[in-house]
Amino acid sequence: MLLRRYFNQLFFAHYLGVSFLTKDGIIEFAEEYSKTEKAKRIALALLLAIFIMVTHEKWVFPFIGWYAEHAHCYNPLGYSGILLLWYFIFVGIPLVCALLIGAFSFPTGLKGLIDKQFPPKGVKVYKPTEIIRGNKAKFKSIGHILVPFVFIAIGVWGIFQVDQMPVENPDKIDFSVCKS
């Protein structure tokens, strides 16, 4: 009974936007999106995901497949097309991932370090989230900052792997598929 009353008070304290006093101290909750805001953001994310899926299935993946089959026919900027394909796989993809993920995680982590809490001040959340302070918040913020650097490290590692990748044997290349 006592535990049930504690959770009911905690639940209502969150939705009323107040702090909740327990024997461990004050529990504060981050601001939450309203139901309409949640629905709009989820709908936009789904539309974006469908758009990306359709464009990749229709144009990007077929182009990559075509280029992989015909890479030996082209020498953009004086470099081998096969070499550029390896650089795209081992360096380009990790760096693009670092930019896309870093655009969202880096500012959040930096603001969390500045505010000394996680989630940072002014950041809305989707579900009831307790505000964390102290070392735990610092580690979460640093983790958000380090995620893009992991992808950058994979890209740097990839630069050194490209030289070890196999190059097509000129005897096995079918030059008949190349336009003259």
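Predicted model: local features only at pLDDT ≥ 70, side-chain atom pairs only at ≥ 80, totals over all residues.
Residues are numbered from 1 along each chain as its sequence is written. Local features need pLDDT of at least 70 and side-chain atom pairs count only at pLDDT 80 or more, while totals for chains, interfaces and linings use all residues, and side-chain values use heavy atoms, with hydrogens and water left out.

Begin by selecting residues 135–162, which form helix α4; helices (H or I, at least four residues) and strands (E, at least two) are DSSP runs, numbered from the N terminus. The 28 residues of α4 reach 40 Å from first C-alpha to last, close to the 40 Å expected at 1.5 Å a residue, where the expected span is 1.5 Å times one less than the number of residues.

Next, select Leu146, where α4 has a kink of about 30 degrees, shortly before the proline Pro148. The bend is the angle between axes fitted to the seven residues ending at a residue and the seven starting there.

Now colour the buried residues of α4, among them Ala137, Ser141, Ile145 and Pro148. Buried means under 20% relative accessible area, exposed over 50%, and partly exposed in between (1.4 Å probe, protein chains only). Their cover includes α3, β3 (117–118) and β4 (132–133).

Move to Ser105 in helix α3 (residues 81–115). Ser105 counts as buried because its relative accessibility is 11%. Leaving aside residues up to four places away in sequence, Ser105 touches His144, Val147 and Pro148; contact means heavy atoms within 4.5 Å.

Finish at Val150 in α4, which counts as partly exposed because its relative accessibility is 48%. The C-alpha atoms of Val150 and Ala98 are separated by 7.8 Å, although these residues are 52 residues apart along the chain.
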